[in-house]
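Subject: Structure handover

Hello,

Here is the structure for your work. My notes on it follow below.

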Amino acid sequence: MSSKDTIFAVASGGGRAGVTILRISGPQSDAALAAMLTGGLPAPRRTSLRTIVNPQTGGAMDQALILRFKAPASFTGEDMVELHVHGSPAVVEAVSGALFSAGLRQARAGEFTRRAFENARMDLTEAEGLADLIDSETEAQRAQAFRQMSGGLKSVYTEWREAILDALAAVEGEIDFPDEEDVPDKLALRAGSGLDDLARALEKSLAGSRAGERVRHGLDIAVIGPPNAGKSSIINALSKKEAAIVSDEAGTTRDIVEVNLVIGGLPVRLSDTAGLRDTENKIEAEGVRRARVRAQDVDLRIGVLDSGDLSELAAIEAVLRPGDILLLNKSDVCTANVSRETIDVMSLSAHSAEDIEGLRGKLEAIISDRFKVQENAGLTRARHRHCAQACLDAVQRARRNLDAAPELAGEDLRAALHAIKELAGEADIEAVLDRIFSRFCIGK
Ligand SMILES: Nc1nc2c(ncn2[C@@H]2O[C@H](COP(=O)(O)OP(=O)(O)OP(=O)(O)O)[C@@H](O)[C@H]2O)c(=O)[nH]1
Ligand SMILES: [Mg+2]
């Protein structure tokens, strides 16, 4: 793929619409535009309404609002043109034909953003934030993605990098001028406290990274319990639809039934599972196995018991983890008294709308407490977490070596810098870049 190619793509949503935007980027942008206009090129960064013509026949194709950008002051950093044409497939077809005949080619997924990244219009974390913003479905996702796209994480790692460079300067000073009086101990000492601060900052960011990742991906919650406890009834009531079959026959749910909800601004995937019990039935046994696996994988478990039958309490508690929820269902028939320190126990009836809203409120509280958008910009992907962890490991090694063997500390600090470079997308990580940009849509 040559960056010298001039590329184009539809940048707005597909199908029939009032307006469709075609984007062009690369050195031939102006030439391709000129071939479709009868007068001269419009001035850069000014909108102009013009008739665009077929370069071969001279026949009018459409009337378009045209925006021209000159390199480097454009999204990609290259010459760019935006054509706001009428949103019909036939118009797009005709204009695309004219662009193909001018020697342009269709952009690949994420190619505009990749050019913006390669021309230093944004770093990799900002490009990732942009991809997340385009994919965002809830308010929390939008807020987190917008912050990252606007350089939130970049300013965080820029501070980390400054701290590493300060320490490195101090350490190198000690190595290069060992005889200068007064240099060694003081410098090593100064680098030491800077590295302690940096390690604390990295640890704090790493601690918040799971929440950042959860906001991006959404949250997985599984409802588990013995047969007939009312798991499916609770899921149906929460999602306000008949997602799972409810019956008084034990062992009704066998497959995992998933419903998607938005709770506390986050997308939540709620899984209904087969009632946990020993069974001779092969299909039901497979359902029970899947239920147990799902319970291990999710972010939060909701255990459900029939208040009138606590015989499976210990078995369900064995699956629950601290911070999970235990529901004592069918409180309209009978109530039970269970209280636990690490598990949130709630008595309710799946048949009471009020109780279900109470449960929704509890879930909202848990989600905004544990998985909300962090106050400060932070790590939102496993990729970020791995880079920050590598950086922290190197910083801690450097800290240990500072007194014993400062020449090794320098090596460690360079490793820490490399981890930051990877986070920023400055290191040679072609395969990672291919993977990230290919997940964008065409036209971005
Ligand atoms: N009285 C009363 N009955 C309930 C309540 N919740 C559920 N039930 C009834 O209990 C029975 C079992 O409900 P389900 O939701 O199918 O239970 P389940 O836990 O999904 O059962 P399996 O899928 O077999 O594991 C049904 O007859 C429900 O109508 C409740 O709060 N009060
Ligand atoms: Mg069920």
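K362 is partly exposed, with a relative accessible area of 22%; buried stands for under 20% relative accessible area, exposed for over 50%, and partly exposed for what lies in between (1.4 Å probe, protein chains only). The side chain of K362 meets that of D344 in a salt bridge, 3.0 Å from N to O. A salt bridge here is a side-chain nitrogen of Lys or Arg within 4 Å of a carboxyl oxygen of Asp or Glu. K362 belongs to helix α11 (residues 353-370) and D344 to strand β12 (residues 344-347), so the pair ties together parts that are 18 residues apart in sequence. Helices (H or I, at least four residues) and strands (E, at least two) are DSSP runs, numbered from the N terminus. D344 is partly exposed at 29% relative accessibility.

On the source: this is a predicted model, in which local features need pLDDT of at least 70 and side-chain atom pairs count only at pLDDT 80 or more, while totals for chains, interfaces and linings use all residues. Residues are numbered from 1 along each chain as its sequence is written, chains are lettered from A and ligands numbered from 1 in the order in which they are written, and side-chain values use heavy atoms, with hydrogens and water left out.

Other salt bridges

The count of salt bridges comes to 35. One of them joins R23 and E82, with the closest N and O atoms 4.0 Å apart. This pair links distant parts of the chain, 59 residues apart: R23 is in strand β2 (residues 17-25) and E82 in strand β5 (residues 80-87). R23 is buried at 8% relative accessibility, and E82 is buried at 15%.

R114 and E118 also form a salt bridge, with 3.1 Å between the closest N and O atoms. Both are in helix α3 (residues 111-118), and because they are 4 residues apart, about one helical turn separates them. R114 is buried, with a relative accessible area of 8%, whereas E118 is partly exposed at 43%.

Domains and surface

The domain assignment, automatic or from a database, gives domain 1 (7-122), domain 2 (126-215 + 378-428) and domain 3 (220-370). Taken over C-alpha atoms, the centres of domain 1 and domain 3 are 53 Å apart.

D278, E280, D309 and E312 form a negative surface patch. Patch residues have over 30% relative accessible area and no salt bridge, and like charges are joined within 9 Å; Asp and Glu count as negative, with the charge placed at CG of Asp or CD of Glu. Accessible areas come from the Shrake-Rupley method with a 1.4 Å probe. D309 sits in the loop between β10 (300-306) and α10 (313-319) and is partly exposed at 41%.

- A cis peptide bond, with omega about 0 degrees, joins A71 and P72; P72 is in the loop between β4 (60-69) and β5.
- K240 is not a glycine but has a positive phi of about 55 degrees. K240 lies in the loop between α8 (231-239) and β8 (257-263) and is exposed at 65%.
- K330, again not a glycine, has a positive phi of about 65 degrees. K330 lies in the loop between β11 (325-329) and β12 and is partly exposed at 25%.
- E128, in helix α4 (residues 124-135), is buried at 0% relative accessibility. E128 and I436 are 308 residues apart in sequence, with 7.5 Å from C-alpha to C-alpha.

Regards

Note on methods:
Patches are made of residues with over 30% relative accessible area and no salt bridge: like charges are joined within 9 Å, nonpolar side chains (Val, Leu, Ile, Met, Phe, Trp, Tyr) within 5 Å.
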